[in-house]
Amino acid sequence: MEAFATLRRGITVAAMTSMLGGAPALAATFVYVSNAEDGDISSFGMQPDGKLLPGARVKVASVLMPMAVSPDRRFLYVASRSKPFSVHVYSINPGTGALTHVSTSPTADSFPYISLDKTGRFLLGASYGGHLVSVNAVGADGRVASEPLQVIPVGRNAHSIRVDETNSYAYVPTLGSDEMFQFSFDAKSGRLSSNTPAVYLMKPTTGPRHFVTSGDNRFLYVLSELQATVTSFALDAKTGLLNEVSAASGLPPDSKLAPGAPRGAVSGANAPPPRNTDNDIWAADIHLTPNGRFLYISERTSSTLAGFSVDGASGKLSYLSSTPTERQPRGFAIDPKGRFLVAAGEKSETISVYAIDQTSGALKLLDKYPAGKGANWVEIVSFD
């Protein structure tokens, strides 16, 4: 710890000089990490070789978690999950990476996931405990309207919401009811309307959590929190409906982990009895390389990152390997060029940077850097 503290003191002073109002940073790629327990955002400048220069830490609010970047890269949105539930907007300086507070607006509930549509005019949020999703208008200045356009009840434990690559459809995995809600999205009004059918029911105890779409919008990949599998769906371009193609496990063959169960957000008479979760599968995040060749997921109990190769023609995945990473890795991100992966751990004192082998997809640890407490979400913004 003392070594990391010294590293932070020594490097941060120099980095802050270049990143915050002094000379321009050496690279125009910036990494942001939300630290739930510290209630702040860590910022880093990413160099061409993947090295990070620690910059300023911006205090925001208690229990920071999900973040999202506007499509034009002008704004960073971060949600706080402590009352009053809010979304905080920061402008991003493209030369230095410095964050400047723009506004704070209330949200309909506690959101573990937020995203923006492809125009950046609407903020979408999913509530795990509230079993709902919402849409808020976003102004040209990045500010989020205080009153939501819509608040829509969905299945149990909504865990994410994203639009497809055409900005015509939106999807919501509900972990507690094993459903994928299918919506049409009106990019002019920002309104969601149920597709027909409104729900794709997945296999019992799948626990769908986060998902990504392929760049060509032909496939959608859904991560199972409770099984650590990734289900590939074909996405119908004309209707926006999903059709299951296959599923692949992200656990090594010798894994001793067992299927998990939904956690939290249930209390009182309906709360499940306490159980030992030390051996439960507890997958968290999913990301695809920009070229669509490789896909990665994080698994929190084993503190690993699993990699898959992607068959772009069929959408099928093939498990490659698992790589040890930060303790309890809730969030990670891949840089826009697909060369590096940055992972954070909720119970770790560091974040890790990996080089992605462009041929095999293998992850090679480059270095670790001091992190905040409860680090859980990573966003990477490039102005190259």
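Where is the place of Gln328? I found Gln328 in the loop between β23 (317-324) and β24 (332-334); strands (E, at least two residues) and helices (H or I, at least four) are DSSP runs numbered from the N terminus. Residues are numbered from 1 along each chain as its sequence is written. I noted that this is a predicted model, in which local features need pLDDT of at least 70, side-chain atom pairs count only at pLDDT 80 or more, and totals for chains, interfaces and linings use all residues, while side-chain values use heavy atoms, with hydrogens and water left out.

**Backbone entries**

I looked up phi of Gln328 and got a value near 55°, positive in a residue other than glycine. Gln328 is buried, at a relative accessible area of 12%; buried means under 20%, exposed over 50% and partly exposed in between, with a 1.4 Å probe and protein chains only. Ala228, also not a glycine, has a positive phi of about 60°. I placed Ala228 in the loop between β17 and β18 (229-235), and Ala228 counts as buried because its relative accessibility is 0%.

I then turned to cis peptide bonds. One joins Lys83 and Pro84, with omega about -5°; Pro84 is in the loop between β5 (75-80) and β6 (86-92). Another runs from Thr196 to Pro197, with omega near 0°, and Pro197 is in strand β15 (residues 192-201).

**Tyr113**

I found Tyr113 in strand β8 (residues 113-116). Its relative accessible area is 7%, so Tyr113 is buried. Leaving out residues up to four places away in sequence, I listed its contacts (heavy atoms within 4.5 Å); among them are Pro66, Leu124, His159, Arg162, His210 and Trp377. Pro66 is 47 residues from Tyr113 along the chain, yet their C-alpha atoms are separated by 5.3 Å.

**Cores**

I looked up the largest nonpolar core, which has 19 residues; such a core is a set of buried Ala, Val, Leu, Ile, Met, Phe, Trp, Tyr and Cys residues joined through side-chain atoms within 4.5 Å. Tyr221, Val230, Ile286, Leu295, Ile297, Phe308 and Leu317 touch the most other members. At least two residues of this core come from each of β17 (219-224), β20 (283-288), β21 (294-299) and β22 (304-310). Beyond four places in sequence, Leu317 touches Tyr221, Val230, Ser232, Ala248, Leu295, Phe308, Ser309 and Val310. A second, separate core of 17 residues includes Phe340, Ala344, Ala355 and Ile380.

**Whole chain**

Buried residues make up 56% of the 384 in the chain. The C-alpha trace spans about 55 × 50 × 45 Å along its principal axes.
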